[in-house]
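Let's take a friendly walk through a protein model, one residue at a time. Keep the picture open and follow along as you read.

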Amino acid sequence: MPTPSNPSMKRPMRASVAYSTPTAFMAFVFLIFGCNEQERAAPVEPAKAREALVQALECWKRGEPIETLKSASPPIVAQDFDWMAGKKLAAYEVAGKGKDDDANLRIPVKLTLLTPQGQQSTKSVNYVVGTSPALTVFRDF
């Protein structure tokens, strides 16, 4: 760095890498994780979750599009790629009460599906159902 022509001008101070790196790292950690305890999701309400799942499956069985659930009372956010691909639900069997997984209930279901060509297949799947802050029904992979 060139020396200043005016002797009263001082060279700019540089932060020490050894001092600034830990400070920057700590700032990064606080930005990412925050310094307060993270809020936990509300625990799942198992009866409400099972009811939402049955409501969604009955909607599919009636041949209604998955988007119909958004206007249900109460609204349900749902995702199932077989349903969205146009496969029809001929029958289903909820195979147990499900497993409480904190904010969700994991519920096993046996599905009997029909392809648009009329071919029937059965598969055992799990749905992950949440009750707060909204009702959600998602097929697990």
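**Starting at Asp80**

The side chain of Asp80 has a polar atom that lies 3.0 Å from the backbone nitrogen of Asp82. This is a polar contact, meaning a pair of N or O atoms within 3.5 Å; within protein, one must be able to donate a hydrogen and the other to accept it, and residues adjacent in sequence count only if both atoms are side-chain atoms. Before going on, please note that this is a predicted model, where local features need pLDDT of at least 70, side-chain atom pairs count only at pLDDT 80 or more, and totals for chains, interfaces and linings use all residues. Residues are numbered from 1 along each chain as its sequence is written, and side-chain values use heavy atoms, with hydrogens and water left out.

Where does Asp80 lie? Look in the loop between S1 and H3; here helices (H or I, at least four residues) and strands (E, at least two) are DSSP runs, numbered from the N terminus. Asp80 counts as buried because its relative accessibility is 1%, and buried means under 20% relative accessible area, exposed over 50%, partly exposed in between (1.4 Å probe, protein chains only). The side chain of Asp80 also makes a polar contact of 2.7 Å with the side chain of Arg139. Leaving out residues up to four places away in sequence, Asp80 touches Trp60, Ile66, Tyr127 and Arg139, where contact means heavy atoms within 4.5 Å.

Now step back to Gln79, which sits in strand S1 (residues 76–79). Gln79 is buried too, with a relative accessible area of 14%. Among the residues it touches, not counting those up to four places away in sequence, are Ile66, Val137 and Arg139.

Next, find Trp60, one of the residues that Asp80 touches. How many aromatic pairs does a search of the whole structure find? The search finds 1. The pair is Trp60 and Trp83, and it is stacked because the ring centres are 5.2 Å apart and the planes are at 5 degrees. For this term, rings of Phe, Tyr and Trp (its six-membered ring) pair if their centres lie within 6.5 Å; planes under 30 degrees apart count as stacked, over 60 as edge-to-face and the rest as tilted. Trp60 belongs to helix H2 (residues 46–61) and Trp83 to helix H3, so the pair ties together parts that are 23 residues apart in sequence. Trp60 and Trp83 are both buried.

Helix H3 (residues 81–84) also holds Phe81. Phe81 is partly exposed, with a relative accessible area of 47%.
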